[in-house]
Amino acid sequence: MGKEDTRKRKSTRDPKPSVLPTPPRKDYRKCKPKKCGRVVMDNLVAEEDARHLLGVAKRGLSLGGSHGGASILDLHSGALSAGERFINIYSLMKQLDEQIFAEEDFRIYRKVKDLIKEAIAEEFEIPKQKLFLTKPTFFSRMNMTPPKTVHDEYWHPHVDKETYGSFHYTSLLYLSTFQDDFDGGRFVFIDKDGNKTVEPRLGRVSFFTSGSENVHFVERLKDGVRYAITVSFTCDPRQAISDPSFVMN
């Protein structure tokens, strides 16, 4: 890989690109990108689709929520934060005899996932068929509740490939807007020549290679509630997961 490729689509605020170290070839198997980088797009996902997915996140997370301020909802596994543990939202819906999702929710979810996958393949010049959705892929909600466990402390610098071994490409779709819905909560890449910051905005997509070339953290929230979706991809078909599907209770 060569220099960082920080692409911009409408009013992003990324500083000048810097040189990124080359991740080990074995980390990427047969879908090693032709170039390392970070891409921010504001015109990939339609605003109405982003708003629809925000509604999905709010409905799902209304049935649970962490005691520590950082909550997740995984439509694939059904994992939902509940206090200091996880429950299965599909089992909970059966127990409550409540159907909070519709087929349209899953259709839009799959549509957006496919758009992001195609964009990653195009921008990093890798065959689309070499990319597979992997876990965890999830909605997240951050609020002002103080942390209860280390898992609530999202503001620590980390590398996705080390945290989630299957990750090769990480993407985020933001479902709320910095300074409109919350303060703090910006996404920060740590580089030797200075940090690079991405301000969340409803419908904005950010994606990047998941290795040590992209150490990052999320600023601690100062006010409000922040929603996003993390959509992750792997080069290893053994780590692939299927799209979630709508099932009536």
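Colleague: Which elements each supply at least two residues of the lining of the largest pocket?
Modeller: Bear in mind that this is a predicted model. The elements are β4 (70–73), β5 (79–83), β6 (85–88), β7 (132–142), α4 (160–163), β8 (169–174), β13 (216–218) and β15.

Colleague: And which one gives the largest share?
Modeller: β7, with five residues.

Colleague: What volume does the largest pocket have?
Modeller: About 1,000 Å³. It is lined by 41 residues, and those closest to its centre are Ile 72, Phe 138, His 151, Tyr 154 and Tyr 164.

Colleague: What is the lining like by class?
Modeller: There are 18 nonpolar, 15 polar and eight charged residues.

Colleague: Switching to cavities. How many of 30 Å³ or more turn up?
Modeller: One, from a search of the whole structure.

Colleague: What lines the largest cavity?
Modeller: Leu 53, Tyr 109, Val 112, Lys 113, Ile 229 and Val 231. Two elements give two or more residues to that lining, α3 (103–123) and β15 (226–234). α3 gives the most, three residues. By class, the lining has five nonpolar residues, one charged and no polar.

Colleague: Which residues of α3 are buried?
Modeller: Tyr 109, Val 112 and Lys 113 are among them, as are Asp 105, Phe 106, Ile 108 and Ile 116.

Colleague: What span should α3 have, and what does the model give?
Modeller: At 1.5 Å a residue, its 21 residues should span 30 Å, and the end C-alpha atoms are 31 Å apart, so the two agree.

Colleague: What follows α3?
Modeller: Glu 125, with a positive phi near 55 degrees.

Definitions and conventions
Residues numbered from 1 in each chain as written. Predicted model: local features only at pLDDT ≥ 70, side-chain atom pairs only at ≥ 80, totals over all residues. Heavy atoms only, no water. 1 Å grid on protein atoms, 1.4 Å probe; cavity = no way out; pocket = protein on both sides within 12 Å on 5 of 7 lines; lining within 4 Å. Points joined across faces, edges and corners; volume = space filled by probe spheres on them. Helix = DSSP H or I, 4+ residues; strand = E, 2+ residues; numbered from the N terminus. Nonpolar A, V, L, I, M, F, W, Y, C, P; charged D, E, K, R; others polar. Expected span 1.5 Å × (residues − 1). Buried < 20%, exposed > 50% of the residue type's maximum accessible area, 1.4 Å probe, protein only.
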